[in-house]
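I opened my notebook to record what I looked up in this structure.

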Amino acid sequence: MILAVVGGKGGVGKSTVAYNLGSELDAVVVDADLAMADLPTDRGPDLHDVLAGRADAVEAVSEGGPVAVLPCGRSLTGARACDPTALVAAVEAVRDEYGRVVVDCPAGMCGDVGLGLLVAEACVLVTQPAPPALGDALRARALARELDAGLAAIVLNRASEASPTELVARELGGAVATVPESAALADAQAAGVPVAVHRPDSPAAEALADLADTVERACRTRKTVS
């Protein structure tokens, strides 16, 4: 399984959702934001090295933390040396070795987002209950449709009881999972651990576990239909 996590706008919690889904799904998380990496990193080769032909994708996976991650470098020099089109082969190599991959795509509508969606069997679209975020999410949803990346779930992050869940479901064309505003989730991300490790009893941990179940079911259904 290859799952792309996308968000039309930066700052909606896309990387947080991707990292925690990696934990719940026992998947390798690939930090595919070549210019603004956000996931825990480690010493050793990273995605910049892989896409520049200096390292093997499987060997660059870091298993030292609570979630296996193929980290991305944080230098502009490294980003400029990459061949982004090599991302598809790199992700497929990790999938072939580990079975499950979650691709944390860059925010916005740059070409790198399309590559993550192109290699994915399904996607999770992350947004927030605010008009600018929802407008950008509509554009990301259109791109996912164009590239035939099936929609596994829509995540309304930092949601409250007043959030327009039904409106989001109608406009984006899919079922909506809500993840509440959560200090526990923010603290866990700052510490580089999943919220299920940091605060397994928190509402955010329960919401992300439910999201993983939704994704599993959606991916099974898509394979059956295919």
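Entry: I looked up D148 and found it in the loop between α6 (131–146) and β6 (150–159). I took helices (H or I, at least four residues) and strands (E, at least two) as DSSP runs, numbered from the N terminus. The model is predicted, so local features need pLDDT of at least 70, side-chain atom pairs count only at pLDDT 80 or more, and totals for chains, interfaces and linings use all residues. Residues are numbered from 1 along each chain as its sequence is written, and side-chain values use heavy atoms, with hydrogens and water left out.

D148 is not a glycine, yet its phi is positive, about 60°. Most residues other than glycine have a negative phi. Is D148 buried or exposed? D148 is exposed, with a relative accessible area of 53%. My cut-offs: buried is under 20% relative accessible area, exposed is over 50%, and partly exposed is in between (1.4 Å probe, protein chains only).

I then turned to D26. D26 sits in the loop between α1 (14–25) and β2 (28–31). D26 is not a glycine either, and its phi is positive at about 55°. With a relative accessible area of 68%, D26 is exposed.

**Entry: the sheet.** In what order do the strands of the open sheet run? I read β3-β2-β4-β1-β5-β6-β7, seven strands with parallel pairing. Two strands pair if DSSP finds at least two bridges between them. β3 (69–70) and β7 (176–180) are the edge strands, and each pairs on one side only.

Strand β5 (residues 122–127) runs parallel to β6, and six bridges join them. V126 has V155 in β6 as its bridge partner. Helix α7 (residues 165–172) packs on the sheet and touches β5, β6 and β7 (contact: heavy atoms within 4.5 Å). The direction of α7 makes about 150° with that of β6. Axes here are lines fitted to C-alpha atoms, for helices over the stretch in contact, and angles run from 0 to 180 degrees between N-to-C directions.

**Entry: cysteines.** How many disulfides does the rule give? A disulfide is a pair of cysteine sulfur atoms within 2.5 Å. The count comes to zero. C105 is in no disulfide, and its nearest cysteine sulfur, in C123, is 8.6 Å away. C105 is buried at 0% relative accessibility, and C123 is buried at 1% relative accessible area.
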